[in-house]
Structure formats: structure tokens, C-alpha cells
Amino acid sequence: MSTTSNIIVPDGFTLHTENTSHILLESNQAFLNPVQEFNRDTSVACIRVWSEEINRSKEEKWRQLEEKRANKQKNKKRKIEPEGDQPAQETAGNSNDSIKPETFEPTARTPKPYTFVLLEALSATGLRSIRYAKEIPLLKYVIANDLSPSATAAMKRNIDINDFGSAEDAPSEGPVGKVRINEGDACTLMYSHREDKDRVDVVDLDPYGTAAPFIDAAIQCVKDGGLLCVTCTDLSVLATTNYPEKCFSNYGGVPVKAEYCHEAALRLVLHTLSTSASRYGRVIEPLLSLSIDFYVRIFVRVNTAPQEVKKALTVVEKPSAAGNVNSLFKIQNGPGVTEKCPECESTLHMAGPMWSGPLHDTGFVTKVLEHLEANQDKYGTAVRMKGMLTVAQEVLAQKLFEDEVNEEFQELHVPFYFTPAKVASFFHCTTPSLEDVASALLHAGHKISRSHACPGSLKTSATREDVHSIFRSWIKHNPVKIKNVAENSPTRRLLAKEPSFEANFKKHPDSVTPSGKMKLVRYQENPTPHWGPGTKAVGGSKRKRKKDDI
């Protein structure tokens, strides 16, 4: 036995510490990937901000009810007071009709904080649940579930060393404490909470691979206004065209082979969440959607709104791409494009359907950033969190119309992005700098922002044809050696067209976005050698076949 930080570490175990939480790890047992500390840090921050917002909302409703009650009491008080020159003693003399004014004085009360219940369907070592219990003040308790007996045994050990009390102290009628362990199938557990009175406030899905098998159950067991947190680590399915049939079976859409494939992966998962919610008269509202390293992490608010479900079709689109150009069309209107690319005459390939609405709620992201600024010492990956969230906060929105009286405008969130290097490869030309391309777009009257999903990327309100015109203008000053381009190459057809306008590459004052000026850490550097999704846990989830069964 060895002792580290007053924790006894048995032989064959290692102690892993993350923030203020400690767990004991045994080889080839419950799964833990230390690289996903960023995922856990972001989850703690987002759930904490969400809990504070819903608590603030309920307090405001409570105060409104208290004010209404006080006004009602004042009205009753006026009715029993003597009117005009009527003698006060006559009213006071009638013992049956008199009511003391003190009866209607509002009492000095304060609202109780709203504490919430969180369900982690796939807990493994329990590290995430333990961190939630320790770091989120408004958490009532977390239900930590896993199908594997070895995982639940690991959770019990880890709860014991984190000062939550022994898991063995739970009474027969059910578990107690802030972390409540459940051993069983995740879907069965979530389906048992789908009745209104049994629903939980937050559901966290963080499986090894796809979350698709758990989404239907998770959607049904979240309360109205509750939070659903989803991780999918199968980007080899979501962000490539290697397994289109697998992507369609899991997410109801086909992936796209393009530089913006990681954003398309986010939109495919959001489409799955939206269609699953629609079956039960519910809608989703994305609060934060991030493509991180080898996985996607999504936070959505779920509400019951049958009327809004009818609008779900309007945020579903199918992208059509030919490598160097893409177009979008609403799925209910059918294809609005030809079979050939209008720019290079290559064959267009269909993808989707996928979510075309906003990826983030900028107001929510701003509040998470404010929370992070005040609590940087509480998150091990705070520097990268600030970088990623700042870029997400700059999501590009195009003004459709503006009300001069109320100063209100409707926003259209622009899907997808491009990188100058990729577009330059289509033209076989030298690559202009990011600042040059951004300046040309701004001078042409378009808007720009960065994307968190890809370094060196730009989102813009310009069409792909406008982007190509900028590169054709660039080529006029930086000629392409046409003899090096094959006769039947699409590049020749791209170069044969004249630009629709002359691009201005003079530096624009807004060409560097606010996040670019702050020197933020936005993209992951290699944290450890051979890092990645990790190896799946192998112990305890399947029943061994006995000789009598053969």
C-alpha cells in the first residue's frame, strides 16, 4: 500500500486526480481518457451556467407571484377598512366581520434555490459524476449509471475516496447522497424516467463511439427546459465518406466530403436530436455545439412545443457539393441545383439531410465565458476553453432586415466555412493569406467570422461564386502556370471564367476578428504521444458462457 494526499492507493491501482476529484484506476477495467479533461471542464462550466440561469428564472417567477399575492392582500385590506365618515368603532365592533390588517401584510420570505437532478447514463469510472457533484453548487444529486459490474465497483471505490460517504451506507429503499450509483442498461433507466413526474433536469451522454442508440430515451426523460449533453466520438463515420451507410443508419443523413466536414458532423447529430424530439412533440435549442479533436460535444435545451415542431422542417437542408463549390436547398422544396457544378462542371454529390439552424446561443456562450473569467483557477483547461468559446461566440449571422424603430433584426446563421489553402488548390495557384481573403470579402460588402472547427478557416455571407471571383482576381496578380494543369482538369474550367468583380486586397480594419487579436489558444496541440479516443474497456459488460449453456 502507498499513500498519496491522504488517499490509500492499493497495489495494482493508480491514483488519477482531476481538479479536486480523485479516482483509482485499475488496468483493463472501467474506461477513462485523460485527454477528455477539456470535455469534462466544458461540461461542468456549461451545466453550472445553465443551472444558475434556470434558478434565476424560477426566482423571478416566484417574485412575480409574491408581488401578485401582496397586491391581492392589499385589495382585501382596502375592502375591510372604514369608508368616508363612517365611525371606525362600528367596523371594529363587529367581531365577525373585522379582520386585523396585520393578516394581509406580506411576510418577508426568500425563495429556495432550485436544485436539479442530473443523470449520467454511461459513467464508467464515475469521474464526471464526481466532478459534477463537487463543482456544481445547485446540483441536488447525480444518478451515475453503468451496465458493467466492474465499472459500478470502481464508482463505489471512487466515491469513498472523495468524501461522499461510503456507497454501502445506502438504505434498502434506494441510494442516498450526491452521487447515486445504478447498475443497469442506460436506455432502460432513461425510459423509466420518461413520465413527467419522474423526468430529470439534465442528461449527459458520453459513450465510447456513437450516442445514437441512447438519443431516443434521453430526449424523453429530460424535463421541459432541461439540458441534454451529447458526445459522439465516431468522427470516422460522421466526418468522412468512408461509411455513408453507417452514418445514415445512425444519424439519418449522409456525410459530406469537404473541408467543412467537422461542422457537417455537428449538424448531422443536431438533425438526429431534432427529429427524435419531434416524434414526441418536443423541440431542441442548441446552446453550444463544438467539434473537438476526435469527437463532437453538443449542449441543447429541450422543450415541449407541438406548434414549434411544425417548423422543424425549415431548419433541415441538404448540401450539394462538388469539392470546390457547394449549395444548400430546403429539403421540402427539393433540389434547386443542376446535376453538374455551375463553376467547374463536375458531378454534384448529395449529402444530408442535416440541421441548418444556429449551432450556438451567443447569449449563453457569453455567460459561460463570463463564468470562466471569474473561475479560471477551477479548470485545468481554462486557456483552451476561453479560446474555443470566444471563437464560438463570433458565429457569423447575416442581417435579413432591421426595424429602425425597435432596432431589432432577424439573423440567419451561415452554415459551413472554407480555408484559403483548399480553394487555392482548386485553382492550382499560390495561396493568399487569410488576411488578404478576409479583406477582399469585407471590401466586397460581405461579413466574415472564424470557425472553431478548423484552423485558418473563414465563415462568410458571400456565395461560393463570390469567393471564386476573389481568387480569380488574385490569379491576375499571381498567374498560374497553365501548362502544369491537365487538359481535362476542372481547374481549366475554373480558370476560364472571368471574375464577376475586381477584388480589393488592401488591408481592411476588420480583417482580423476580435478573437484573432487576443492571441487565444483555440486548437488542440498534441497533449500526449499517440493520443486519441483511447482503447475501449473490456471488463464485465457481457455474461460469460458457462459449460451448461453449451
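Is helix α15 largely enclosed by the rest of the structure or largely open, and why? The model is predicted: local features need pLDDT of at least 70, side-chain atom pairs count only at pLDDT 80 or more, and totals for chains, interfaces and linings use all residues. Residues are numbered from 1 along each chain as its sequence is written, and side-chain values use heavy atoms, leaving out hydrogens and water.

**View 1. Helix α15 spans residues 464–477.** Of its 14 residues, 11 are buried, so α15 is largely enclosed by the rest of the structure. Buried means under 20% relative accessible area, exposed over 50%, partly exposed in between (1.4 Å probe, protein chains only). The buried set includes Arg464, Asp466, Phe471 and Trp474. Helices (H or I, at least four residues) and strands (E, at least two) are DSSP runs, numbered from the N terminus.

**View 2. The largest nonpolar core has 55 residues.** Such a core joins buried Ala, Val, Leu, Ile, Met, Phe, Trp, Tyr and Cys residues through side-chain atoms within 4.5 Å. Helix α9 (residues 261–278) gives the largest share, 9 residues. Another core, of 44 residues, lies apart from it; Ile54 and Val368 are among its members.

**View 3. Leu228 touches residues including Val203, Leu273 and Phe299.** Contact means heavy atoms within 4.5 Å; residues up to four places away in sequence are not counted.

**View 4. Strands β3 (residues 13–18) and β4 (residues 21–26) pair antiparallel over 6 bridges.** Pairing requires at least two DSSP bridges. Thr14 stands opposite Leu25. In the hairpin turn, Asn19 has a positive phi of about 60 degrees.

Conventions: The expected span of a helix is 1.5 Å times one less than its number of residues.
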